[in-house]
Amino acid sequence: MAKKVLIVEDEPGYQELLAFLLKGYDVELVASAEAAVEKLERERFELIVSDVQLLGASGLCLLDALKERNQKIPIVFCTVYADPEIRDRALADGAAGYLNKPFDQKIFAGLVRTALHGDPQGPPPPAMAATA
């Protein structure tokens with residue numbers, strides 16, 4: 001059974017890119033942190049890939065909500081906001097990774113492998129097998 005990945009992204013272009021890069025996993029898309037929290041109340045996911053800057057609550061608020069609910073789901077942030085303070089806070093609060101857009105697909109694949117399999121050399125996302 002494919003691992004479930006929740007993408008939290010409000011930009012349609014990046015939704016499509018992330019869904020493509022994660023092809024082969026059971027991917028679901030939402031456009032806000034609030035929608036992600038609602039989905040997480042009903043379903044179990046092995047990984048969250050989220051933007052930081054979203055309409056409404058931020059990705060960091062989503063990370064806080066995970067901690068408050070004691071949900072230990074790895075979260076990888078992909079954002080255009082290259083603010084070192086936000087990056088440092090996200091990583092200190094338990095994010096599995098933080099990438100600036102546009103990001104290197106091989107680095108993204110390594111973060112996904114580490115988050116899902118505990119090993120950066122583990123199985124690559126199926127869509128990225130040829131590039132990893």
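**Exercise 1.** Find the ring that Lys4 lies over and give the distance from the ring centre.

Solution. The model is predicted; local features need pLDDT of at least 70, side-chain atom pairs count only at pLDDT 80 or more, and totals for chains, interfaces and linings use all residues. Residues are numbered from 1 along each chain as its sequence is written, and side-chain values use heavy atoms, with hydrogens and water left out.
- Criterion: NZ of Lys or CZ of Arg within 6 Å of the ring centre and within 35 degrees of the ring normal.
- Lys4 sits over the face of Phe45, 4.7 Å from the ring centre.
- Lys101 sits over the face of Tyr14, at 4.2 Å from the ring centre.

**Exercise 2.** Identify the buried residues of helix 1 and say how they are arranged about its axis.

Solution.
- Helices are DSSP runs (H or I, at least four residues), as are strands (E, at least two), numbered from the N terminus.
- Buried means under 20% relative accessible area, exposed over 50%, partly exposed in between (1.4 Å probe, protein chains only).
- In helix 1 (residues 12-21), Gln15, Leu18 and Leu21 are buried.
- Viewed down the axis, the buried residues fall within an arc of 135° (directions from the helix axis to the C-beta atoms), so they line one face of helix 1.
- Exposed Pro12, Gly13 and Glu16 are on the face turned away from the buried side.

**Exercise 3.** Classify the aromatic pair of Phe77 and Tyr98.

Solution.
- Rings of Phe, Tyr and Trp (its six-membered ring) pair if their centres lie within 6.5 Å; planes under 30 degrees apart are stacked, over 60 edge-to-face, the rest tilted.
- The whole structure holds two aromatic pairs.
- Phe77 and Tyr98 have 6.3 Å centre to centre and 55° between the planes, hence a tilted pair.
- Phe77 belongs to strand 4 (residues 75-79) and Tyr98 to strand 5 (residues 97-100), 21 residues apart.
- Both Phe77 and Tyr98 are buried.
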